[in-house]
Amino acid sequence: MSDSDIKQKAEEVRMIHREYMEKMAELRKEQSQLLDDFMSKLEDVKKKEIMNKIRA
Amino acid sequence: MSHETELLSRKQEIAPTEKKNPEKKDDMDIETTEELNLLAVERIKSAEQEAEAFSGESEARMGQVKDLIGLPEEKVDEIGASLDVKNNLGKINEKASQLLSEMRSKIKSVTAIGMATLALGGAGNFERGMVAGLVKSETSITDTKLDANLKPADLEQKEVFNEENAELRKEIIAKVEKIRQNMISHMESKDYRDRLRVEIGRVLNYDKNSPDYDKKIDKFSQAIFSMRLERLKKVRIVLLPADEIGTHENNNEKNGNVLAFYSGKGEIYLPLEKPNEDVIFHELSHTVASDEDDLLKESYITQNSNQDSYLGSSSERRAFKSALDQELENLGIKKYGEKFTQEHFNKMIECDEQGKFSPGARVFIRTTKPELFEKIFNEVADNEVDKKSKIV
């Protein structure tokens, strides 16, 4: 394998890794959004619960 | 069956090589096929770390959500169900696993081309084996989801884990752990690291006058060291009734006489019976042995028997040599870091005639070409541990 082939393949490996990390970053956002929504919903319920207690 | 026959009957499996710091390679130009394959291993490792962190964060955040909000668990679960949180998180985790799997496949396809070309180029067997091993062992580690902590496997043979054998299991695992820790300590010694550098220099056959000789040797020996160490630390022990070892599906040779074996996939299978430290040491040695070493193979004296493929393999020879190495020290013949000489050889033969060596060590002495002992002992890094401390 020539030097240029090796360098090209090294670049391919790096690119595969880079793309993987980018896709994982997107997944992280998706995961984070899901958990944020969940948290938000729980907070709403909690607030309502507190408000009901105050009113009572 | 004699102990020696049992020892000879045990199955071997190609072992290891290593792992390394994932971040260094990008700073360097990749100039050789070996470097390319190392880069591949490093990138895979980095991806696995990312996947592991991702999975951990998901669990941690779910825990936080539940703890922080102060709602009863059933209420949290009810709201979670209404948003289908569990299912959606599962899907995200599935995607993450798939991404990792795809990433591995892509990288392996790139490096496989590199290895084929390397083979055609006439590089040494060991170099090919090592390069292949760097990738192969890495993937085998991750594919089997190894536990970092040594503990009896409870996945496949739950029925063997009952109260009756609890003490025995504990005894076996304690012995494994003790031997493993001693092996790790030995590998972290300067003597071992120095010997490993010599070994790597020999097998890669780099030009010693090359200006980047030291750099290359350092790089490879560090990589090999890290991967060996990690493999040793992560290997999982599976305990099975002795009569099930030989015919176990992960034992490729399906030999009923097999006493114990290393699967090559991060697991050592041991019999659920009184632990034999020589057997445990031998199998653990496979996790830190290279799959190919021309010197170890060339030095083998053919026995013209069906045991040749087993006894002559690099992996088995290295494991047998490890036993001999430690026994030479325990008998006061030679210390590990000491240069092997003709005088050591003579003393070793004398002790052999007096029956002072274990079966494994005897196998190595009797199947090794005498003229190559010196070279082997001075150029192959081994897994010696202090036998006295090895025996719990």
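Trainee: Which residues of α8(B) are buried?

Mentor: This is a predicted model, so read everything here as computed. To judge burial, count the other C-beta atoms within 10 Å of a residue's own; 20 or more makes it buried. In α8(B) that picks out B:Phe220, B:Ser221, B:Ala223, B:Ile224, B:Phe225, B:Met227, B:Arg228, B:Glu230, B:Arg231 and B:Leu232. Across chain B, buried residues make up 41% of the 392 residues.

Trainee: What should helix α8 of chain B span, at 1.5 Å a residue?

Mentor: Helix α8 covers residues 213-234 of chain B, and its 22 residues should span 32 Å. The end C-alpha atoms are 32 Å apart, which agrees.

Trainee: Which residues touch the most other members of the largest nonpolar core?

Mentor: The general idea first: in soluble globular proteins, nonpolar side chains tend to be buried together. Here the largest core has 65 residues, and B:Ala40, B:Ile268 and B:Leu270 touch the most other members. Helix α2 (residues 33-69) of chain B gives the largest share of this core, nine residues.

Trainee: What is B:Leu270 in contact with, leaving aside neighbours within four places in sequence?

Mentor: You'll find B:Ile172, B:Ile237, B:Leu239, B:Ala260 and B:Ile280 in contact with B:Leu270.

Trainee: And the sheet: in what order do the three strands of chain B come?

Mentor: Look for bridges when you read a sheet. This open one runs β1-β3-β2 in chain B, with mixed pairing. β1 (236-240) and β2 (261-262) each have a single partner strand, so one side of each is left without a neighbour in the sheet. Five bridges join β1(B) to β3 (residues 267-271), and these two run parallel. For instance, B:Val238 has B:Tyr269 in β3(B) as its bridge partner.

Trainee: How many residues of chain A are in contact with chain B?

Mentor: Count both sides: 29 residues of chain A meet 37 residues of chain B. The chain A side divides into 15 nonpolar, two polar and twelve charged residues. The model scores ipTM 0.88 and pTM 0.48.

Trainee: Where does pLDDT stay under 50 in chain B?

Mentor: Go stretch by stretch with the predictor's confidence. Chain B has a mean pLDDT of 71, and 71% of its residues reach 70 or more. Values stay under 50 over residues 1-27 of chain B, for which the model has 90 contacts beyond four places in sequence. They also stay under 50 over residues 384-392 of chain B, with 27 such contacts.

How values were computed. Residues are numbered from 1 along each chain as its sequence is written. Chains are lettered from A and ligands numbered from 1 in the order in which they are written. This is a predicted model: local features need pLDDT of at least 70, side-chain atom pairs count only at pLDDT 80 or more; totals for chains, interfaces and linings use all residues. A residue is buried if 20 or more other C-beta atoms lie within 10 Å of its own, exposed if 12 or fewer, and partly exposed in between; C-beta atoms are placed from the backbone. Two residues are in contact if their C-beta atoms, placed from the backbone, lie within 7 Å. Ala, Val, Leu, Ile, Met, Phe, Trp, Tyr, Cys and Pro count as nonpolar, Asp, Glu, Lys and Arg as charged, and the others, Gly among them, as polar. Helices (H or I, at least four residues) and strands (E, at least two) are DSSP runs, numbered from the N terminus. The expected span of a helix is 1.5 Å times one less than its number of residues. A nonpolar core is a set of buried Ala, Val, Leu, Ile, Met, Phe, Trp, Tyr and Cys residues joined through C-beta atoms within 7 Å. Two strands pair if DSSP finds at least two bridges between them. pLDDT is the predictor's confidence in each residue, from 0 to 100.
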